[in-house]
Amino acid sequence: MRKFIFAIVLSASFSSVSFSQEAVEKSAPPAGNAVVGDHYGADVSKISESKAITVEKLKNDLKTANKAENISVKGVVTDVCPKKGCWVTVKTEDGSSFFVKMKDYAFFVPTALKGKNVVLEGTAEKKITSVDELKHYAKDAKKSKVEIDAIKMPKEEIRFMADGIKVVN
């Protein structure tokens, strides 16, 4: 009787393992050419486009407050997460830059967004980014092992949580 029960439990175990499915994670950024007028996430209005500030102005605003909500910032995308399109870095004419993540991980952007002028709408804040997080993003960006290992200190930086990103001229 014990052998019979053992055989049933063993076969049930093998069945459940063989029929279980692994969660499939998105392995690549979405396709697309990121042409003027394209938007990702929430659409950025014409009013937000016209009121968009530079990163330099954002830095000045964050000297007196740690957080700026419902703002629009304009700049050029310098890098896109090649793994999923889940983050970008943006710079402006003066060369300053900041890191952008998508709110609630709700949307992704194509790698074709790199080099495009964009307007971001969302929330910005000063944040200290841990060494582990900096290394994670460096790994996502396919940096070399030497570059990743060189990250030894946390970094104070502006972080932007985007509700929407729109390609502009």
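Is Lys142 buried or exposed? I looked up its accessibility and found that Lys142 counts as exposed, at 66% relative accessibility; the cut-offs are under 20% relative accessible area for buried, over 50% for exposed and partly exposed in between, with a 1.4 Å probe and protein chains only.

**Basis of the entries.** I note that this is a predicted model, in which local features need a pLDDT of at least 70, side-chain atom pairs count only at pLDDT 80 or more, and totals for chains, interfaces and linings use all residues. Residues are numbered from 1 along each chain as its sequence is written, and side-chain values use heavy atoms, with hydrogens and water left out.

**Confidence.** I looked up pLDDT, the predictor's confidence in each residue from 0 to 100. The protein chain has an average of 86, and 85% of the residues score at least 70. The lowest confidence lies in helix H1 (residues 2-19), with a mean of 59, and the highest in strand E1 (residues 39-41), with 96. Helices (H or I, at least four residues) and strands (E, at least two) are DSSP runs numbered from the N terminus.

**Positive phi.** I returned to Lys142 and located it in the loop between helix H4 (131-140) and helix H5 (145-149). Its phi is positive, near 60°, in a residue other than glycine. I then examined Tyr105, which is not a glycine either but has a positive phi of about 55°. Tyr105 lies in the loop between strand E4 (97-102) and strand E5 (117-129). Tyr105 counts as partly exposed, with a relative accessibility of 44%.

**Strand pairing.** I checked which strands pair, the criterion being at least two bridges found by DSSP between them. Strand E2 (residues 67-80) pairs with E5 in the antiparallel sense over eight bridges, and Val73 has Leu120 in E5 as its bridge partner. E5 also pairs with E6, in the antiparallel sense over 13 bridges. Here I found Glu157 in E6 as the bridge partner of Lys127.

**Glu157.** Why does Glu157 count as buried? Glu157 is buried because its relative accessible area is 14%. Leaving out residues up to four places away in sequence, I recorded that Glu157 touches Glu125, Lys126, Lys127, Thr129 and Leu134, contact meaning heavy atoms within 4.5 Å. The side chains of Glu157 and Arg159 are joined by a polar contact of 3.0 Å. Such a contact is a pair of N or O atoms within 3.5 Å; within protein, one must be able to donate a hydrogen and the other to accept it, and residues adjacent in sequence count only if both atoms are side-chain atoms.
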